[in-house]
Structures are given as structure tokens and as C-alpha cells.
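Here is a friendly briefing to read alongside the model. Please keep the structure open as you go through the points.

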Amino acid sequence: MKNIFIQYPKCCTCQKAKKWLEENSIKFEERNIVTQTPTVEELTKWVQKSGQDIKKWFNTSGLRYKDLNLKDKLLNMTDKEKIQLLASDGMLIKRPILIIEREILIGFKEEKWNLK
């Protein structure tokens with residue numbers, strides 16, 4: 001399985017994570033979260049594999065999240081509806097995401113990304 005690095009090129013945290021991956025000689029397939037937004041099927045599989053609550057997958061600091069008032073709306077949505085919402089707009093998804101064989105990492109924290 002290839003490592004998949006899902007990011008938004010203009011995001012500073014994504015740029016930092018990509019640089020870190022390259023400096024640590026970690027090979028990956030790059031994917032733009034906006035032009036290649038994860039599908040409902042992918043997100044369903046990844047959320048389950050990550051073991052994280054689906055709320056952790058939302059970019060809560062993003063403008064779209066705030067504009068849509070999702071903090072309150074998510075309380076009344078099913079997990080299926082939340083995944084459909086995430087799949088509808090890549091900017092709602094927390095980034096970067098690194099998908100490796102044994103786990104899925106959401107957001108960049110160097111200590112958690114130490115894959116060696």
C-alpha cells in the first residue's frame with residue numbers, strides 16, 4: 001500500500017508536513033483535498049480505520065465550517081450525514097491527512113508522524 005498524503009497546497013501546516021515527509025525520506029502519493037476531495041466511501045473507511053470520532057475530521061478553524069455554523073448543526077446530524085457533508089467540500093476536512101498501512105493521521109504533529 002502506498003502512503004497517501006492528502007493536503008491543501010496553500011495551507012501552511014500542510015506545507016510543513018510535506019517538507020517533514022520529504023526530509024525524512026518518506027515516500028507518498030500526493031493528493032489535493034480540493035481537486036480530489038475524498039469520497040463518501042473513502043471517508044467512511046478512513047474514519048473507521050482511524051478510530052477517531054468523526055468530529056475530529058472537521059476543519060473547525062476553517063471559514064466554511066464557521067460560515068455554515070456547523071458547531072451547532074453537527075449535533076443533530078448522523079455520522080452518515082456528516083460523512084456526506086465532508087465529501088461535499090474538501091475545505092471542511094481537517095488537513096493534512098496521512099494514510100499509511102497501519103494507521104491514519106489527521107492534522108500534523110511531528111511526534112505522532114514519526115513513522116520510523
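## Salt bridges and other local features

The side chains of Glu-29 and Lys-2 meet in a salt bridge, with 3.6 Å from N to O. Glu-29 lies in strand β2 and Lys-2 in the segment before β1, so this pair ties together parts that are 27 residues apart in sequence. A salt bridge here is a side-chain nitrogen of Lys or Arg within 4 Å of a carboxyl oxygen of Asp or Glu, and the structure holds seven salt bridges.

This is a predicted model, in which local features need pLDDT of at least 70, side-chain atom pairs count only at pLDDT 80 or more, and totals for chains, interfaces and linings use all residues. Residues are numbered from 1 along each chain as its sequence is written, and side-chain values use heavy atoms, with hydrogens and water left out.

**Charge pairs**

- Glu-29 is partly exposed at 36% relative accessibility, whereas Lys-2 is exposed at 58% (buried means under 20% relative accessible area, exposed over 50%, partly exposed in between, with a 1.4 Å probe and protein chains only).
- Lys-18 forms a salt bridge with Glu-30, and the closest N and O atoms are 3.1 Å apart.
- That pair links distant parts of the chain, with Lys-18 in helix α1 and Glu-30 in strand β2, 12 residues apart (helices, H or I with at least four residues, and strands, E with at least two, are DSSP runs numbered from the N terminus).
- Both partners are partly exposed: Lys-18 has a relative accessibility of 25% and Glu-30 one of 37%.
- Asp-79 and Lys-82 meet in a salt bridge of 3.9 Å, N to O; both lie in helix α5, three residues apart, about one turn of the helix.
- In this pair, Asp-79 is partly exposed at 47%, while Lys-82 counts as buried at 9%.

**Polar contacts**

- The side chains of Gln-7 and Glu-30 are joined by a polar contact of 2.9 Å (a pair of N or O atoms within 3.5 Å; within protein, one must be able to donate a hydrogen and the other to accept it, and residues adjacent in sequence count only if both atoms are side-chain atoms).
- Gln-7 lies in strand β1 and is buried, with a relative accessible area of 5%.
- Asp-89 makes a side-chain polar contact of 3.0 Å with the side chain of Arg-64.
- Asp-89 sits in the loop between α5 (79-88) and β3 (97-99), and is buried at 19% relative accessible area.

**Buried strand residues**

- Ile-6, in strand β1 (residues 4-7), is buried at 0% relative accessibility.
- The C-alpha atoms of Ile-6 and Gln-36 are separated by 8.9 Å, and the two residues are 30 apart along the chain.
- Leu-105 belongs to strand β4 (residues 104-106) and is buried at 7%.

**Backbone points to check**

- Most residues other than glycine have a negative phi, and most peptide bonds are trans.
- Ser-25 has a positive phi near 55°; this residue is in the loop between α1 (12-23) and β2 (29-32) and is exposed at 65%.
- Asn-69 also has a positive phi, about 55°, and is found in the loop between α3 (63-67) and α4 (70-73).
- Arg-95 and Pro-96 are joined by a cis peptide bond with omega of about -5°, and Pro-96 lies in the loop between α5 and β3.
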